[in-house]
Amino acid sequence: MGPARARLVLFAAVALLFTVLLPQALGKAGGGGAVNPQVAGICSKTPFPEVCKSTAGRHATKYPVIDNLAVLNMQVDAFSKRTAQARKHVTKSARTIPPAQAQALTFCDTMYMNTQDTIGAAQRAITFKDTGTAKIMLQLAVQDFDSCDRPFTQAGVPNPMGKFDKELNQMANNCMTLANMI
């Protein structure tokens, strides 16, 4: 191998290392690469910026223009997906817990289903830039999944959905803040 070819191979190896390591050094958006700086800037104005960046940041490539409205749509989409994941977790958890918790989980599943409906209404309101309705729908969503804890507290048993409820609450608060920014 000649010196020119060796330099070319070395250059290619260095370029490959940069493409692999540079995104890691810049910080990842939930494993999907570096967070778009515009998304990061808008997310920094929310109550839970790291949650915003790790959830909304995953969707940045789907939007030709990154502005407050786009980041709101990204966060609401992530909120909707996380609510669906919570419902799946309810189904899994219900198989392995005592009857008192299983009954409370049935209530949670209903509340998460209501949350999905209100998120859908919020998404429609956002499409029409009706921030008043969007905020009301997002507040109703918070009330729905916050209600999930009530039957566990009344029964004196741990809530296996606590982690989901905390994340959903943070995402909802971010959504409401972002709605105020459009």
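A122 sits in helix α5. Please keep in mind throughout that this is a predicted model.

What does A122 touch, leaving aside its neighbours within four places in sequence? The partners are A134, M137 and L138. For L138, the C-alpha atom lies 6.4 Å from that of A122, and the two residues are 16 apart along the chain.

Helix α5 covers residues 99-127 and helix α6 covers residues 131-146. Their axes are 8 Å apart, and the packing angle is about 170 degrees. An angle over 145 degrees counts as roughly antiparallel, so α5 is roughly antiparallel to α6. On the α5 side, the contact is made by M111, Y112, N114, T115, T118, I119, A121, A122, A125 and I126. On the α6 side, T133, A134, M137, L138, L140, A141, D144 and F145 take part.

A word on α5 itself. The helix has 29 residues, and from first C-alpha to last it reaches 42 Å. That is close to the 42 Å expected at 1.5 Å a residue.

After α5 comes K129, in the loop between α5 and α6. K129 has a positive phi of about 55 degrees, although it is not a glycine. As background, most residues other than glycine have a negative phi. Is K129 buried or exposed? K129 counts as exposed, because its relative accessibility is 59% and the cut-off for exposed is over 50%.

Next, the core. The largest nonpolar core has 47 residues. Those with the most contacts inside it are V39, V71, M74, F79, C108, Y112 and M161. Which elements give two or more residues to this core? They are α2 (37-43), α3, α4 (68-94), α5, α6 and α8. Y112 is also one of the α5 residues in the contact with α6. As for C108, setting aside neighbours within four places in sequence, its contacts are V90, C148, F152 and M161.

Helix α3 is residues 49-56 and helix α8 is residues 162-180. Their axes come within 9 Å and cross at roughly 90 degrees. The range for roughly perpendicular is 65 to 115 degrees, so α3 is roughly perpendicular to α8. V51, C52 and T55 of α3 meet Q170, M171 and N174 of α8. By class, this contact has 3 nonpolar and 3 polar residues, with no charged ones.

Take Q170, which lies in helix α8. Is Q170 buried or exposed? At 15% relative accessibility, Q170 counts as buried, because the cut-off for buried is under 20%. Not counting residues up to four places away in sequence, Q170 touches F48 and V51.

Last, the whole chain. The secondary structure comes to 8 helices and 0 strands, in the pattern α-α-α-α-α-α-α-α along the sequence. The chain has 182 residues, of which 38% count as buried. Among contacts in the chain with a separation of 6 or more, 67% are between residues 24 or more positions apart.

Terms used:
Residues numbered from 1 in each chain as written. Predicted model: local features only at pLDDT ≥ 70, side-chain atom pairs only at ≥ 80, totals over all residues. Heavy atoms only, no water. Axes fitted to C-alpha atoms, helices over the stretch in contact; angles between N-to-C directions. Helix = DSSP H or I, 4+ residues; strand = E, 2+ residues; numbered from the N terminus. Parallel < 35°, antiparallel > 145°, perpendicular 65-115°, else oblique. Contact = heavy atoms within 4.5 Å. Nonpolar A, V, L, I, M, F, W, Y, C, P; charged D, E, K, R; others polar. Expected span 1.5 Å × (residues − 1). Core = buried A, V, L, I, M, F, W, Y, C linked by side-chain atoms within 4.5 Å. Buried < 20%, exposed > 50% of the residue type's maximum accessible area, 1.4 Å probe, protein only.
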